[in-house]
Amino acid sequence: MADLPYGPPVRVSPLIRFGRWSFLGLGVAYGAFHQNRLSKKEAKLREIEAKEKVVKDAKLKEERQRAAAEELKNLEAMMTTK
């Protein structure tokens, strides 16, 4: 091995290595559990938003139709007054 500026590598205790790998495994398991829980919560929120979007789109369509009819009425009134 090449001469390292900080000296030869230090042998790490098996207990420390086991602890590191254990915490890594626990972190991955916790992350998977947390991701699964958040995914289910987000899926429910998307479902609710989809239902609300249908109602909102219907209201917007009705409002646009009313606005177009009112604008047409105003234009007709302007054309007949000349």
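Q: Is Leu-26 buried or exposed?
A: Leu-26 counts as exposed, at 56% relative accessibility. Keep in mind that this is a predicted model.

Q: Which element is Leu-26 in?
A: Leu-26 lies in helix α1.

Q: And how far apart are Leu-26 and Leu-45 in space?
A: They are 29 Å apart, C-alpha to C-alpha. In sequence, Leu-26 and Leu-45 are separated by 19 residues.

Q: Let's zoom out. How many helices and strands does the protein chain have?
A: The count is 1 helix and 0 strands. The radius of gyration is 33 Å, well over the 12 Å that the globule rule gives for 82 residues, so the chain is more spread out than a compact globule.

Q: What box do the C-alpha atoms fill?
A: Roughly 100 × 35 × 15 Å, taken along the principal axes.

Q: What share of the residues counts as buried?
A: Of the 82 residues, 0%. The cut-off for buried is under 20% relative accessible area.

Q: OK, surface next. What is the accessible surface of the chain, and how much of it belongs to carbon and sulfur atoms?
A: The accessible surface comes to about 8,400 Å². Carbon and sulfur atoms account for 63% of that.

Q: Which residues make a nonpolar surface patch?
A: Trp-21, Leu-24 and Val-28 make one of about 370 Å².

Q: Take Val-28. Where does it lie?
A: Val-28 is in helix α1, which covers residues 14-80. Val-28 is exposed, with a relative accessible area of 56%. That is over the 50% cut-off, so Val-28 gets the label exposed.

Q: Switching to charges. How many salt bridges are there?
A: The count comes to 3 salt bridges. As background, side chains of opposite charge can pair when their charged atoms come close.

Q: Which residue does Lys-51 pair with?
A: Lys-51 forms a salt bridge with Glu-47. Their closest N and O atoms are 3.9 Å apart. The cut-off is within 4 Å, so this pair counts.

Q: How are Lys-51 and Glu-47 separated along the helix?
A: By about one helical turn, because they are 4 residues apart in helix α1. Lys-51 itself is exposed, at a relative accessible area of 57%.

Q: And what is the partner of Lys-53?
A: Asp-57 is the salt-bridge partner of Lys-53. The closest N and O atoms of this pair are 2.9 Å apart. Lys-53 and Asp-57 are also 4 residues apart in helix α1, so about one helical turn separates them.

Q: What are the relative accessible areas of Lys-53 and Asp-57?
A: Lys-53 has 49%, which makes it partly exposed. Asp-57 has 35% and is partly exposed too.

Q: What about Glu-62 and Arg-66: what do their side chains do?
A: They meet in a salt bridge, at 2.3 Å from N to O. Both residues lie in helix α1, 4 residues apart, about one turn of the helix.

Q: Last one. How far apart are the mean positions of the positive and negative charges?
A: They are 11 Å apart. The chain has 17 positive and 11 negative charges.

Key: Residues numbered from 1 in each chain as written. Predicted model: local features only at pLDDT ≥ 70, side-chain atom pairs only at ≥ 80, totals over all residues. Heavy atoms only, no water. Patch = residues over 30% accessible without salt bridge, like charges linked within 9 Å, V, L, I, M, F, W, Y side chains within 5 Å. Areas by Shrake-Rupley, 256 points an atom, 1.4 Å probe, with all protein chains shown as cover. Helix = DSSP H or I, 4+ residues; strand = E, 2+ residues; numbered from the N terminus. Buried < 20%, exposed > 50% of the residue type's maximum accessible area, 1.4 Å probe, protein only. Rg over C-alpha atoms; globule rule 2.2 N^0.38 Å. Lys, Arg positive; Asp, Glu negative; His and termini not counted. Charge placed at Lys NZ, Arg CZ, Asp CG, Glu CD.
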